[in-house]
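Hi,

Here is the structure I said I would pass on. Have a look at it first, and then read on for what turned up.

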Amino acid sequence: MKSVCLYFQVHQPLRLRRYRFFDIGNDHYYYDDFTNESIMRKIADECYLPSNKILLDLIKANDQKFKVSFSITGVALDQFVSYAPDVIESFKELAATGCVEFLAETYSHSLAALKNKEEFKSQVNAHVERIKLLFGQKPKVFRNTEMVYSDEIGKMVSAMGFKAMLTEGAKHVLGWKSPNYLYCNALNPKLKLLMRNYTLSDDIAFRFSDEGWKEWPLTTDKFVGWMSQFDEKEDLVNVFMDYETFGEHQKKESGIFEFLKSLPQAVLETKQFKFATPSELAKEYQPIAVAHVPNVISWADEERDLSAWLGNDLQDEAYGKLYELRDDVLELNDERLLKDWNYLQSSDHFYYMCTKFFSDGDVHSYFNPYDSPYDAFINYMNVLSDFKIRIAEMKVSSVPVNGTELAKKDEIIAQCKAEINALKKQIVDH
Amino acid sequence: MKVLMFGWEFPPHISGGLGTACYGLTKGLSKVDDLDITFVVPKAYGDEDQSKMQLVGANGVHIKQVQEHIQRFKSKHTYLEVESALIPYNDPDEYYSFRDSELYGKNKLFKVNKEGKLEFTGKYGANLIDEIYKYAYVASTISMDHEHDVIHAHDWLCYPAGIAAKEVSGKPLVIHVHATDFDRSGGSVNPKVFEIEKRGMDAADKIIAVSNLTRNIVIEKYGQSPDKVETVYNAVEPVSFEEKKAIKKGVKEKVVTFLGRITMQKGPEYFVEAAYQVLKRTDNVRFVMAGSGDMLEKMVARAAQLGISDRFHFTGFLKGDDVFHMFKLSDVYVMPSVSEPFGISPLEAMQSNVPVIISKQSGVSEILTHAVKVDYWDIDALADAIYGIIKYDSLSNIFKSKGKEEVDNLKWTNAAIHVHQVYSNTIKETV
């Protein structure tokens with residue numbers, strides 16, 4: 001029997017407010033509460049709540065045979081708590097069915113995996129704890145921000161105890177190979193890899209309501225028909241997408257909810273397919289091969305690389321300047337500072353600074369609250385400047401004025417000085 | 001003596017230094033006895049300060065012959081239409097939102113409203129050239145309706161209006177050169193703008209230049225006789241500080257400011273490079289680039305490339321009190337203009353007790369003593385000067401006190417007396 005793995009990504013950026021130069025040092029609040037709340041409320045009503053309801057009904061109607069998986073970023077969870085607690089409740093109901101798996105990821109939807117191993121670990125752990133607390137299950141499978149993956153990242157994730165990881169079935173990585181098998185990490189074969197079938201996933205996520213597409217309108221029969229044409233030996237189909245596909249990217253009027261409602265029935269009727277969660281896949285199937293990914297991949301844009309977040313001067317500068325602050329932030333261990341530190345790492349900020357507008361401009365401008373990447377950069381750097389000032393101020397006030405310690409240091413300085421003088425004298429004498 | 005003066009903008013509706021200068025000058029002229037000014041702008045909003053003069057908006061002038069064929073008007077005056085893409089500068093406010101490019105000029109007719117009046121926007125935008133012609137057309141009507149002894153036209157936008165007025169009344173024309181296209185374009189002039197400027201200068205009986213720098217350009221590049229061109233320096237309006245509310249400085253470091261249109265003429269790239277040099281040597285400083293313009297994005301990218309963006313800030317276009325706030329937060333003001341006919345903003349900075357560094361290629365450098373003057377391209381000298389002022393308090397203090405004293409003595413009344421002399425001489429010569 002083949003398996004279908006449905007996975008949905010849930011994330012909402014925490015948008016920064018218009019932070020002007022005049023605010024630096026005067027105002028330490030960075031977020032646009034109004035926009036964040038209104039967008040969260042709108043998407044909760046148009047997408048999260050109706051979709052969750054449909055999924056819950058489907059699980060009950062199909063006698064536990066319908067299974068899905070989610071990862072919800074910490075940033076999204078925090079916003080649910082503040083603006084839409086009913087969404088949390090509905091996810092809890094889903095969790096209680098036993099047919100829904102929650103995956104781990106970085107708490108703040110960050111790109112820490114590329115910069116700092118320790119930071120990455122601590123963010124993942126924070127996320128795991130949060131999921132355990134909310135949904136009563138400990139995530140066993142990991143998915144990184146925006147499906148960012150490389151052999152090295154996989155190794156790191158494996159060392160943290162995860163059994164499997166999700167990533168993109170990128171053309172330039174798989175080549176002629178099919179994403180419809182289980183793969184494993186090149187450095188540590190213990191870590192199973194689930195590769196996204198981007199054709200089928202994007203048929204729903206991007207093309208569903210595109211009337212210019214030759215397959216429009218997409219029906220479940222058509223969709224399941226494509227799946228049944230796969231090679232006999234293929235094991236599984238990974239359909240991964242943003243959860244906001246339902247009701248937000250694809251509007252209610254497009255019929256996306258009807259599609260979702262009839263999908264499980266259509267899949268189960270084939271008798272060839274069943275639904276499975278990522279953990280089940282990892283347990284059930286044997287990896288067919290090693291996936292070599294020496295260079296980092298992601299699920300974004302045509303290039304399937306990092307260029308949406310990093311690479312231009314603006315992005316590299318902002319990203320670099322942010323992570324320079326890590327040691328100080330951790331040392332100060334201040335609650336508010338840590339919170340901002342987490343939110344400022346969110347990959348969304350760097351996404352807004354992307355200057356490659358040509359092929360994927362539509363998607364970029366859809367998600368972007370700024371007029372231009374320059375505008376996004378200016379605003380972010382102003383916020384970061386204030387953040388730095390706060391760190392500097394707290395450092396000054398937190399240094400304990402310890403008389404004996406200072407005296408000790410003075411002593412050391414005096415010793416060193418004497419030594420230098422002695423050496424200088426030697427040179428002169430020489 | 002009655003003066004018919006043509007300007008393009010008037011406070012509070014201004015977008016550049018031209019409106020400020022016109023206002024200061026007319027205010028000064030109002031203090032001269034026996035001088036009566038009618039100031040004409042393309043669009044009067046009604047809330048302008050009219051205590052010093054009579055303000056006529058060209059949009060309020062009744063045109064008798066409606067639907068005059070624009071082509072005929074243009075052929076009579078032999079002006080050329082300029083493609084809208086070649087505008088010398090845009091209203092920074094509307095930098096990102098070009099106005100509708102739909103021209104009524106397409107059917108070659110002036111659009112006249114029900115009362116027979118032409119409509120004007122009074123802004124720098126895509127229809128600028130069209131507006132200039134309409135303005136000139138209306139100017140001839142105004143010139144008939146308002147008795148005058150001399151005509152005074154400010155900057156190239158108003159030269160056609162001045163000429164049109166002169167053709168009707170036969171009175172002497174004084175044109176006031178606040179800038180030339182050589183300043184705006186850095187040498188590669190727009191030939192059509194140049195032509196309008198040249199025609200204006202040729203038709204003028206006397207030319208007032210805002211500095212010797214500009215006077216030389218007028219003589220050399222536009223082929224004017226030196227006797228015809230006179231330099232009258234600008235001044236600055238005194239500000240009353242009590243009225244302004246104070247702003248809290250949020251950063252501890254010294255603040256070095258660039259404030260102006262971010263265009264090639266203003267030399268923003270030299271400011272960025274100098275900032276990089278200074279930041280290599282000291283941490284105790286932040287740089288601010290305030291304003292907007294077609295080079296803004298390039299500057300943002302350059303600052304990021306140099307890795308100084310956490311110390312180099314952008315504010316976007318600043319209006320009204322924000323300009324004052326910016327000065328209040330500043331420890332040094334830098335104007336590295338590549339070519340600046342005059343440059344009032346350093347004077348405004350000095351009024352706010354901010355030491356200034358200006359380029360030698362600016363008109364204002366001819367009259368200031370207590371300011372650091374460097375060549376705009378000399379990044380090292382610029383960096384040195386910035387470093388010196390932020391590092392050595394004694395230096396900065398002396399610039400503050402002496403500078404304030406100096407700028408307080410620059411009065412528009414002095415400029416006005418000079419302009420009045422020019423009027424008298426011109427009238428005498430042409431009679």
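A:Glu105 is buried, with a relative accessible area of 0%. Its side chain meets that of A:Arg143 in a salt bridge, at 3.6 Å from N to O. The two come from distant parts of the chain, 38 residues apart: A:Arg143 belongs to strand 4 of chain A, while A:Glu105 sits in the loop between strand 3 (100-102) and helix 4. A:Arg143 is buried too, again with a relative accessible area of 0%. Please keep in mind that this is a predicted model.

Why might such side chains pair at all? Side chains of opposite charge can do so when their charged atoms come close.

The side chains of B:Arg184 and B:Glu197 meet in a salt bridge of 2.9 Å, N to O. This one also links distant parts of the chain, with B:Arg184 in helix 5 (residues 181-185) of chain B and B:Glu197 in helix 6 (residues 191-203), 13 residues apart. Both B:Arg184 and B:Glu197 are buried. Back in chain A, salt bridges with shared partners tie A:Lys42, A:Glu46, A:Glu248 and A:Lys251 into one network. How many salt bridges are there over all chains? The search of the whole structure came up with 45.

While you have chain B on screen, here are its overall numbers. It has 14 helices and 13 strands, and 58% of its 431 residues count as buried. Take the contacts in chain B between residues at least 6 apart in sequence: 72% of them join residues at least 24 apart. The chain exposes about 17300 Å², and carbon and sulfur atoms supply 49% of that.

Now for some spots in chain A. A:Ser298 lies in the loop between strand 10 (289-291) and helix 11 (313-323), and this serine is buried, with a relative accessible area of 0%. What does its side chain reach? The backbone nitrogen of A:Ala300, at 3.1 Å. Beyond its neighbours within four places in sequence, A:Ser298 is in contact with several residues, among them A:Glu146, A:Glu168, A:Arg304 and A:Trp309.

Helix 5 of chain A (residues 151-159) has A:Asp151, A:Ile153, A:Gly154, A:Met156, A:Val157 and A:Ser158 as its buried residues. Their cover includes helix 4 along with strands 4, 5, 6 and 10 of chain A. After helix 5 comes A:Gly161, which has a positive phi, near 100°.

Last one: helix 13 of chain A (residues 335-344). At its start, a side-chain oxygen of A:Asp334 reaches to within 3.3 Å of the backbone nitrogen of A:Arg336. The buried residues of helix 13 are A:Leu337, A:Asp340, A:Trp341, A:Tyr343 and A:Leu344. What covers them includes helices 2, 4, 11, 12, 14 and 16 of chain A.

Cheers

Technical notes
Residues are numbered from 1 along each chain as its sequence is written. Chains are lettered from A and ligands numbered from 1 in the order in which they are written. This is a predicted model: local features need pLDDT of at least 70, side-chain atom pairs count only at pLDDT 80 or more; totals for chains, interfaces and linings use all residues. Side-chain values use heavy atoms; hydrogens and water are left out. Helices (H or I, at least four residues) and strands (E, at least two) are DSSP runs, numbered from the N terminus. Buried means under 20% relative accessible area, exposed over 50%, partly exposed in between (1.4 Å probe, protein chains only). A polar contact is a pair of N or O atoms within 3.5 Å; within protein, one must be able to donate a hydrogen and the other to accept it, and residues adjacent in sequence count only if both atoms are side-chain atoms. Contact means heavy atoms within 4.5 Å. Accessible areas come from the Shrake-Rupley method with a 1.4 Å probe; for residues, only the protein chains shown count as cover. A salt bridge is a side-chain nitrogen of Lys or Arg within 4 Å of a carboxyl oxygen of Asp or Glu.
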